[in-house]
Protein chains: 2
Amino acid sequence: MVTANQLSVCHARIKPYIHNTPVFTSRLVNKELGANLFFKCENFQRAGAYKMRGATNAILQLSKDQKKNGVVTHSSGNFAQALSLAAQSIGVVAHIVMPSTAPEVKKIGVREYGGIIHECTPTVEARQAMANNIANETGATFIHPSNDEHVIIGQGTAAMELLGEQPHLEYLFCPVGGGGLIAGSSLAVKYFGSKCRVLGGEPFEADDAYRSLISGKIEGNTSVNTIADGLKTTLGDINFPIIQNNVEGIIRVDEEEIVMAMQMIWERMKLIIEPSSAVAVAAAISYSKNNYKVFKNKKVGIIISGGNVDLQKLPF
Amino acid sequence: MVTANQLSVCHARIKPYIHNTPVFTSRLVNKELGANLFFKCENFQRAGAYKMRGATNAILQLSKDQKKNGVVTHSSGNFAQALSLAAQSIGVVAHIVMPSTAPEVKKIGVREYGGIIHECTPTVEARQAMANNIANETGATFIHPSNDEHVIIGQGTAAMELLGEQPHLEYLFCPVGGGGLIAGSSLAVKYFGSKCRVLGGEPFEADDAYRSLISGKIEGNTSVNTIADGLKTTLGDINFPIIQNNVEGIIRVDEEEIVMAMQMIWERMKLIIEPSSAVAVAAAISYSKNNYKVFKNKKVGIIISGGNVDLQKLPF
């Protein structure tokens, strides 16, 4: 079981490599939701997302010999860039398996951070097979984007920092994709919070975590037709039990709610947040409407997970 | 002549009504320009722009009797919203003369902040005439958006705060529209800076300040075909002499440079900045290319003037 000490040690370990991102507030948005919101702005994190935390922690856990052989992951999203930048900062080679269909802008990001791209056919099997091959051939250590204890602990440090500034948060909202962020955040809340409830936000179009919590086993997604491209992945066997034990529930939101939440934050707060982050905001909005009296004047944290948006493909 | 003391007293006066906005930095953008940039983020100011500073200062200068009769201005841009919010915060009525053609989103903003909109035909003469009429009928005090000493001093407090954090800035870039921001900023630099050069950014398509500095008299614009809608206005007789005395020069940038600078800040820094702010960034980029050796490793301030963007009309 992950301990409070592991989180604290992790935070000290990764500190030189990450930003302690600012916490933003907005009177206008508070008015809208009737509560006091604290936005932990991981869109300002290095590489533009919280993923930098877990990636850094995972690499720093490696032995000297392991570091020599580098790391490998499969991701077409923020973890690809984060692992590349974390590896570059630490002086380690990063192999990134990406589907050949990944947008050019993501590949450029990985290359800019010194990651070595290996293109594969766009199936789950192909990317896992290629990552395994690279690990076998080069000796690189495979690091999973979300289902890895070191990664989970690293992601939890964002909520730790937020609780350091706002120890009496009564709610914390996170987006749920692969489950690393919400698992880590729920551990941070367990050890460093005080009567704080952790809630996840998920698109109706990729509600595997919602269904998994109900059925008690990891469920997949049949379709993932959502703008929140970071949330299409499913939970893993390491983070799922942590989520089962420490997360109160998952709020599902539809695509229109996601876009409206994103637009609200862009317009009111002048923050570029990606659709996946908007899911957590939309979940808080939905929750505030359905629990108006309970939610009123509460202290509410929201993890703004990232700000990596393709400006050529905006929903407004 | 404006004194250092006037600036200091103004800052203390408006402090309870404004945000001391954060100063952002970016390693990626520093690398791009070869210098150390400090972005004073007035996009996070109340009402989304630095205009809140000058508007607040101007209203707080009024006598009790004047306050009773309210204030009036003509503006279709950020000053309309800023004066409305400043007036609301202080408990004063604000009359805002806006052209009937002003975008609905701007009118909604003014109304949300309690401003009373008076629509006029969209000519300079019509808006001045209507503002005069309102002043005569209601006794409201006319406050010009940029050519007013109290407004100029108020706008200078953003640069004051920036210099408080970074006293050894060697350059300061501001966008130039009506001239209030750069005039105030240049006074702040004069009194609180140390060998800092003030440079303005202007679109080629509205380069009245550039031409005015050369000819030595206030020049108008014949066309204003620029995306930087906040910079279409011309200098006034109060701010022009301040600019002549304290600003080193104006860097002109074309529309493509403006959009590229805006996109760079959105993508790299996750900050929503409006096109007028991007003009100052584009000017710094252009200057860095033309003065590569001089500019290298210098400490450079940029006033990010605002973040009010119509998401329906983005240039990318």
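Trainee: How many bridges join strand 7 of chain B to strand 10 of chain B, and do they run parallel or antiparallel?

Mentor: This is a predicted model, to begin with. In it, 3 bridges join strand 7 (residues 171–175) of chain B to strand 10 (residues 299–304) of chain B. The two strands run parallel.

Trainee: Which residue stands opposite Gly301(B) there?

Mentor: Leu172(B) does. Gly301(B) belongs to strand 10 of chain B.

Trainee: What is the strand order of the open sheet in chain B?

Mentor: The order is 1-2-10-7-8-9, so to read it off, 6 strands with mixed pairing. Strand 1 (23–24) and strand 9 (249–253) of chain B are at the edges.

Trainee: Why is one side of each edge strand left without a neighbour in the sheet?

Mentor: Because strand 1 and strand 9 of chain B each have a single partner strand.

Trainee: Which strands does helix 10 of chain B lie across?

Mentor: Strand 8 (197–203) and strand 9 of chain B. Helix 10 covers residues 208–215 and runs at about 145° to strand 9 of chain B.

Trainee: Switching to chain A. What is the strand order in its open sheet?

Mentor: Chain A has 6 strands in the order 1-2-10-7-8-9, with mixed pairing.

Trainee: New topic. What rotation superposes chain B on chain A?

Mentor: One of 180°, with 0.0 Å of shift along its axis. The RMSD is 0.0 Å. The two copies are therefore related as by a two-fold rotation axis. The same surface serves both copies, as 100% of the contact residues of chain B recur in chain A.

Trainee: Which residue of chain B comes closest to the rotation axis?

Mentor: Leu271(B), at 2.7 Å by its C-alpha.

Trainee: How many cavities of 30 Å³ or more does the structure hold?

Mentor: It holds 1. The space in the largest cavity is about 30 Å³.

Trainee: What lines the largest cavity?

Mentor: Trp266(A), Glu267(A) and Lys270(A) from chain A, along with Ile272(B), Gly307(B), Asn308(B), Val309(B) and Leu311(B) from chain B.

Trainee: How does the lining divide into nonpolar, polar and charged?

Mentor: The lining residues are 4 nonpolar, 2 polar and 2 charged.

Terms used
Residues are numbered from 1 along each chain as its sequence is written. Chains are lettered from A and ligands numbered from 1 in the order in which they are written. This is a predicted model: local features need pLDDT of at least 70, side-chain atom pairs count only at pLDDT 80 or more; totals for chains, interfaces and linings use all residues. Side-chain values use heavy atoms; hydrogens and water are left out. Two strands pair if DSSP finds at least two bridges between them. Helices (H or I, at least four residues) and strands (E, at least two) are DSSP runs, numbered from the N terminus. Contact means heavy atoms within 4.5 Å. Axes are lines fitted to C-alpha atoms, for helices over the stretch in contact, and angles run from 0 to 180 degrees between N-to-C directions. Copies are superposed by least squares on the C-alpha atoms of residues with pLDDT of at least 70 in both. On a 1 Å grid over the protein atoms alone, a cavity is a set of points where a 1.4 Å probe fits but cannot get out, and a pocket is an open set with protein on both sides within 12 Å along at least five of seven lines; lining residues have an atom within 4 Å of a point. Grid points are joined across faces, edges and corners, and a volume is the space filled by probe spheres set on the points. Ala, Val, Leu, Ile, Met, Phe, Trp, Tyr, Cys and Pro count as nonpolar, Asp, Glu, Lys and Arg as charged, and the others, Gly among them, as polar.
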